[in-house]
Amino acid sequence: MSPALVFLIGPRGSGKSSVAATLAELIGWRWIDADAELESRCGRSIREVFQTEGEDGFRQHEATVLAELCLRECVVIATGGGCVLREDNRQRLKQGFVVWLTADPLTLWRRISQDPLTAERRPALTGADGQAEVAELVRAREPLYRACADVVLDTSEHSPAEIARMIAARLPQSSTTGGVDPPSRSE
Ligand code: S3P
């Protein structure tokens with residue numbers, strides 16, 4: 001594992017970007033939102049990428065961005081909710097310390113509905129209506145998140161600052177000192 005990569009994975013609305021920013025400040029690293037990076041490289045919103053290239057095209061861009069972000073150091077990376085779908089991405093996540101953020105479906109739905117970025121960043125992924133889609137995706141992807149995670153944290157009842165402190169306390173010593181000890185997996 002890289003001494004200096006932390007990946008936040010989890011569904012839409014689980015708080016990945018807010019926690020990434022807070023955690024990075026806490027441990028003195030930089031942070032990157034993989035979705036924002038993708039949009040800046042493509043020069044289009046995620047919604048536009050979906051419209052012109054379909055979900056497959058978007059997933060290819062997502063994998064390319066993740067591969068490039070993995071070359072950096074001392075960085076907290078907020079991934080997109082579907083990052084775990086591809087095997088190559090799941091392999092790449094092993095290069096860092098992986099935190100799976102989760103929340104109950106109603107909380108996820110409430111956060112997604114209230115986020116002004118949703119219109120341009122979160123096109124529909126299934127035929128289900130918004131709230132049903134959230135529950136469906138959580139159910140379908142849970143085994144993938146579980147397979148990748150070093151730590152699992154439920155953000156439903158906690159602020160980003162509280163979650164960031166919990167992650168900082170669980171980071172393997174080697175992450176911030178430059179060593180290469182693997183983390184112990186826990187839930
Ligand atoms: C997606 C989640 C989004 C974004 C895209 C696809 C997904 O990221 O990557 O809309 O497949 O769940 P967030 O998890 O940051 O909303």
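I count Ala, Val, Leu, Ile, Met, Phe, Trp, Tyr, Cys and Pro as nonpolar, Asp, Glu, Lys and Arg as charged, and the others, Gly among them, as polar.

The model is predicted, so I noted that local features need pLDDT of at least 70 and side-chain atom pairs pLDDT 80 or more, while totals for chains, interfaces and linings use all residues. Residues are numbered from 1 along each chain as its sequence is written, and side-chain values use heavy atoms, without hydrogens and water.

**Largest pocket.** I looked up pockets on a 1 Å grid over the protein atoms alone; a pocket is an open set of points where a 1.4 Å probe fits, with protein on both sides within 12 Å along at least five of seven lines, and lining residues have an atom within 4 Å of a point. Points are joined across faces, edges and corners, and a volume is the space filled by probe spheres set on them.

The largest pocket comes to about 590 Å³. Its lining has 37 residues, and Arg12, Gly13, Lys16, Ser17 and Arg122 are the closest to the centre. I sorted this lining into 12 nonpolar, 13 polar and 12 charged residues.

Helices are DSSP runs of H or I, at least four residues long, numbered from the N terminus. α3 (46-69) is among the helices that supply at least two lining residues, and α3 gives the most, five.

**Second largest pocket.** I found a volume of about 220 Å³ here. Of its 18 lining residues, Arg12, Ile112, Gly130, Glu133 and Val134 are the closest to the centre. α7 brings the largest share, six residues. The lining divides into 10 nonpolar, three polar and five charged.
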